[in-house]
Structures are given as C-alpha cells and as structure tokens.
Amino acid sequence: MTLLSLESVTARHGLLTAVPEMSLKIAEGETLALVGANGAGKSTLLRTIAGAHPAAGGRILLDGTDITARPAHERVALGLALVPEGRRLFPGMTVAENLAVAARRAREGPWSLTRVYDTFTVLAGLRDRRASELSGGQQQLTAIARALLTNPRLLLIDEVSLGLSPVAVDAVYETLTTLDSRPTLLLVEQDLSRALDVAGRVICLLEGRIALSAATGDVTREQVTEAYFGLRGRRAAT
Amino acid sequence: MTWVNAVLQGIFLGGLYALFACGLSLMFGVMRIINLAHGDLAVLGAFVVWWAATSLGAPPAPALIGALPLALALGYLLQVTVLTRSLRGGELTPLLTTFGLAIVIQNALLLIFSPDVRSLATVTGSLSTGSWQIGGLTVPYLGLLILIVATGVLGGLHLVLERTGFGREMRAAAQDPDTAALVGVPATAVYARATAIAVATATLAGTFLAVHSTIDPASGPTQLIFAFEAVVIGGLGSLRGTLIGGLVLGVAQTIGAQIDPQYSILAGHLVFLIVLLVRFSPGRLVPAA
C-alpha cells in the first residue's frame with residue numbers, strides 16, 4: 001500500500017529550483033535511502049515533505065490525503081516526522097524536556113516516553129543533561145527518539161551520519177535497525193555503504209531529479225556511484 | 001535609616017516595574033517581539049477597571065478579576081489577527097505594527113475617556129495611602145501587595161515555563177519555532193497564548209499603577225520605557241532577570257530621589273545606560289542571557 005505519494009512536486013530556493021517536478025511513491029513499511037551529492041536536493045525534498053519548506057508545485061499525499069497545504073505541525077498529527085539535518089534539538093532544554101515536548105501532542109501509537117527510555121538506554125542516563133552538552137551521536141539518538149515519540153507512520157531522517165564519529169554512526173544504525181515497531185523510513189545518507197545495507201530501496205538524486213531508483217539487492221555500489229556522479233543514463237522514476 | 005528606607009521604597013516601586021515588564025519580557029522571550037504598545041495596553045486595562053469601578057460601582061478587586069479574562073481574550077485576538085501576520089514581515093514589521101497599535105489605543109482612550117487624569121486611589125481606601133511603621137521603616141500596604149503580586153506572577157510564570165507541558169512548548173517555540181512545528185507544536189497558538197498572558201499581566205500592572213498614582217491616555221509610553229529598562233537591566237527574555245531588573249530600576253530611582261528629588265528618573269536611566277554599555281560593548285555584541 002502506498003503511504004506517501006509525491007506528484008510532480010517542485011521546491012525552490014528563491015529563483016533556484018532545487019527539486020523540479022519530483023514524482024515518487026513510498027510503500028508502507030518500506031525503508032528507502034535517498035542518496036546524492038551535496039546540492040542534489042535531498043534535504044529540500046525531505047523538508048518539503050515534512051512541511052518545513054513550501055512546495056512550489058505538485059501534490060504531496062499521505063495515505064491518500066493531500067497534505068501539500070498543511071502546516072508542519074498538522075503533518076506531524078497525521079503521522080509524518082522529520083529528524084532534521086543537524087539534529088536541531090532545543091539547545092536550552094534537557095533531553096527529557098526535548099522528548100516531553102514531542103510526547104505532549106503525540107498520536108496514538110506504540111511509542112511512549114517509557115518505551116523510548118527502554119529502547120534508547122543511553123538516553124535514560126542523560127535525561128537531565130542539556131541538549132547543547134550532548135555529543136553528536138547522543139544528539140542524533142535524542143532527535144530520532146524525539147521524532148519517534150510523535151508515533152509517525154513515516155519517519156524522515158536527514159543526514160543520519162553527518163558529523164558523527166564511526167562509533168556513533170554504528171550506535172545510531174544499530175538502534176535504527178533493531179527498532180521494534182519501526183515506521184516506514186525515508187533516510188538521507190551520504191554513506192553509500194550504510195544506505196545500501198539498511199534500505200530496501202535506494203534513490204539517487206542528481207540536480208533534483210531521480211538518477212536511479214532500484215531495490216538495493218538489484219544494484220551494485222558501483223552503479224549507485226555512477227548515478228551519484230551523473231555517469232550513467234537516468235532511469236525513469238518508479 | 002533614611003537610606004535603608006529609600007532602598008526599601010525602591011524595592012516596592014521595583015515590584016510595579018517588574019510587573020509592567022513581565023509581559024514585555026515574555027513576548028520578547030517567546031517571539032522576539034518588542035511590543036511598543038505594551039504600556040498602552042496596560043493603561044487600556046487600567047481604564048477598563050477604572051470604568052467598571054466608577055461607572056458600574058464594582059469594587060476594584062472584582063472589577064480587575066473581571067477585566068483579566070477580557071485582557072486574555074484581547075491578547076489572543078491581537079496575536080492571531082495582527083501580530084502573526086506582522087511576524088512574517090521580518091524583525092522590523094512587529095515593531096512598526098505595535099507602534100501603530102499604541103497610537104490607536106492612545107487616541108481611542110482619548111476619544112472615550114478624555115485627556116483627564118484618573119485614579120483608582122479614590123475607591124481603594126487606605127490601600128493606596130496606608131502603611132506600617134516598623135522600626136523607623138515605612139512599609140506601604142500597596143507597595144507590599146504589588147511586590148507580592150509581582151513576585152507571584154513572575155515566579156508562577158517561571159514555574160509554568162519550566163515545569164508544565166504548556167511551558168515547555170512555549171520554550172521550544174521560543175528557541176526554534178521551525179523545529180517545534182516539526183514535533184507537532186503549533187507555534188501560532190503558542191504565540192497567541194503568550195500574548196494573552198502578556199496583555200493580562202499588563203492589565204494587572206496598569207491597574208496597580210492607577211491605584212498607586214494616576215493614569216491618563218498618554219501614560220502608556222512612560223510605562224513602556226520603565227518596563228523596557230527593567231527588561232534590559234535584568235536580561236532580555238528572562239523572567240527571573242525581569243524581576244531583578246525591575247527592583248534595580250526602582251531602587252536606583254528612589255536612591256536618586258534621596259540624593260535630589262529631580263534625580264529620581266535620571267538615576268534609573270543612568271543604570272539602564274550603564275547596563276546597556278556593559279551588555280552591548282563592542283567585544284560583547286550578543287547580550288548576556
């Protein structure tokens with residue numbers, strides 16, 4: 001069943017078109033990795049889906065409901081959550097407060113504060129620590145936990161491993177891949193190997209357009225790399 | 001003892017300034033809006049209470065309690081209808097919007113109530129003039145009441161912001177409104193509540209001013225200046241700092257008056273300027289929180 005559907009979605013930064021008429025479908029339960037070079041339009045696309053950036057054209061449908069004109073907080077209530085690039089925790093608030101903000105208006109669902117602390121055990125010991133005092137990995141886990149607390153049907157994670165140490169990246173991915181009640185995932189990842197390991201499908205963006213879309217089992221790292229650098233013919237979006 | 005008494009009177013006066021500054025500080029802390037109509041909203045609230053007390057014959061306390069929900073509603077509507085739109089126009093637009101609002105309120109009050117000076121002291125009996133004499137110190141009933149109310153309001157609001165879900169949402173929207181929206185917080189509604197609270201505290205402060213001294217349609221800007229000075233002295237956007245800022249301003253004024261009565265206001269302004277120089281000195285462009 002299609003959970004998210006983009007129909008010719010366009011996103012702009014001023015006069016620059018970052019994402020031109022993107023069409024894409026994500027099935028419920030799927031894990032989709034979005035890869036591409038800097039400036040390919042990955043973050044803009046995620047922010048547009050989440051409502052943090054306005055769509056300049058096209059339609060965004062969540063489970064058949066047109067959410068294109070809905071503000072970000074209403075999309076959260078409908079089951080969309082974004083872990084933004086740079087984590088964007090509330091720096092002056094503690095870990096517990098960051099999580100409590102998300103839990104206050106959460107949808108009905110499997111994730112609660114208790115369950116988050118049981119799953120993200122490292123956060124339990126950091127409850128009273130200010131977000132600004134956390135390491136990058138701890139911040140990323142807090143940001144993911146915060147997003148999960150809204151009980152999303154579709155979780156968007158922008159730049160999962162950017163700026164994190166290899167150990168922290170391992171910890172974040174281990175948590176992500178072993179989650180019970182994992183929502184549908186759309187993640188932006190610079191690390192191709194990680195993306196291919198975790199996702200069931202990979203989409204490579206080049207200048208805002210889909211250069212490659214395939215099941216991760218059907219493509220090699222070399223093919224994705226070629227698409228990444230624009231060295232191969234573009235395939236039609238699927 | 002005279003100097004100690006001057007400091008004590010300054011603390012009581014500072015309570016009134018802190019109460020005035022409370023809403024200004026809250027709106028700046030949450031939305032980064034400097035509400036230039038804050039003083040006029042306070043005077044508007046005071047006029048409503050004065051009208052209810054003198055024209056309807058309502059005792060001042062019930063009149064004030066009746067005016068507070070109206071103030072909350074006015075603040076909420078103001079945010080939803082005017083300020084939310086002006087916030088989209090950049091940093092200067094709310095400044096111009098609230099400046100315009102201040103002029104509208106002043107002229108509306110002038111039209112309705114005339115330029116005459118009014119006071120609630122006539123209907124509050126000994127509250128406005130009575131005091132206790134304790135070991136050579138004067139403790140005015142009204143000064144003590146205002147200080148207790150100011151401490152209660154600012155302390156209560158601080159607790160609400162720190163300990164409640166509503167307060168956490170307000171702090172989250174204040175720190176990063178875009179990210180707050182991404183975790184489901186409707187920034188517009190949170191801002192409207194903040195403005196509602198700010199206008200209600202302004203009404204409270206305006207009413208105490210009308211009991212303490214007098215009000216007229218042009219009183220707002222003066223109160224805005226004192227409130228602004230208290231907010232800056234205490235640290236922009238900090239409620240604890242606002243209370244301290246109000247008290248420092250009050251004490252500075254009474255000590256100035258103790259030296260020479262004409263130095264009262266000047267002493268407060270001087271303290272404000274010194275704090276401004278320290279906070280915004282070339283090496284510290286970012287104000288200390």
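Axes are lines fitted to C-alpha atoms, for helices over the stretch in contact, and angles between N-to-C directions run from 0 to 180 degrees. In the predicted model, helix H1 (residues 42–50) of chain A lies across strand E3 (31–36), E6, E7, E8 and strand E9 (201–206) of chain A, and runs at about 145° to E6(A). Helix H9 (residues 221–228) of chain A also packs on the sheet, where H9 touches E3, E9 and E10 of chain A and makes an angle of about 25° with the direction of E9(A).

The sheet in question is open and consists of 6 strands of chain A in the order E6-E7-E8-E3-E9-E10, with mixed pairing. Its edges are formed by strand E6 (80–83) and strand E10 (209–215) of chain A, each of which pairs on one side only. Direction ignored, neighbouring strands of this sheet are turned against each other by 15° on average. Within the sheet, strand E7 (residues 154–157) and strand E8 (residues 184–188) of chain A run parallel and are joined by 4 bridges. At this pairing, Leu154(A) stands opposite Thr184(A) of E8(A).

Chain B contains 11 helices and 2 strands, arranged along the sequence as α-α-α-α-β-β-α-α-α-α-α-α-α. Its radius of gyration of 19 Å agrees with the value near 19 Å that a compact globule of 289 residues would have. Along the principal axes, the C-alpha atoms of chain B fill a box of roughly 60 × 50 × 35 Å. Of the 289 residues of chain B, 52% count as buried. Among contacts in chain B with a separation of 6 or more, 73% are between residues 24 or more positions apart.

How values were computed: Residues numbered from 1 in each chain as written. Chains lettered and ligands numbered in written order. Predicted model: local features only at pLDDT ≥ 70, side-chain atom pairs only at ≥ 80, totals over all residues. Rg over C-alpha atoms; globule rule 2.2 N^0.38 Å. Buried ≥ 20, exposed ≤ 12 C-beta atoms within 10 Å, placed from the backbone. Contact = placed C-beta atoms within 7 Å. Pairing = 2+ DSSP bridges.
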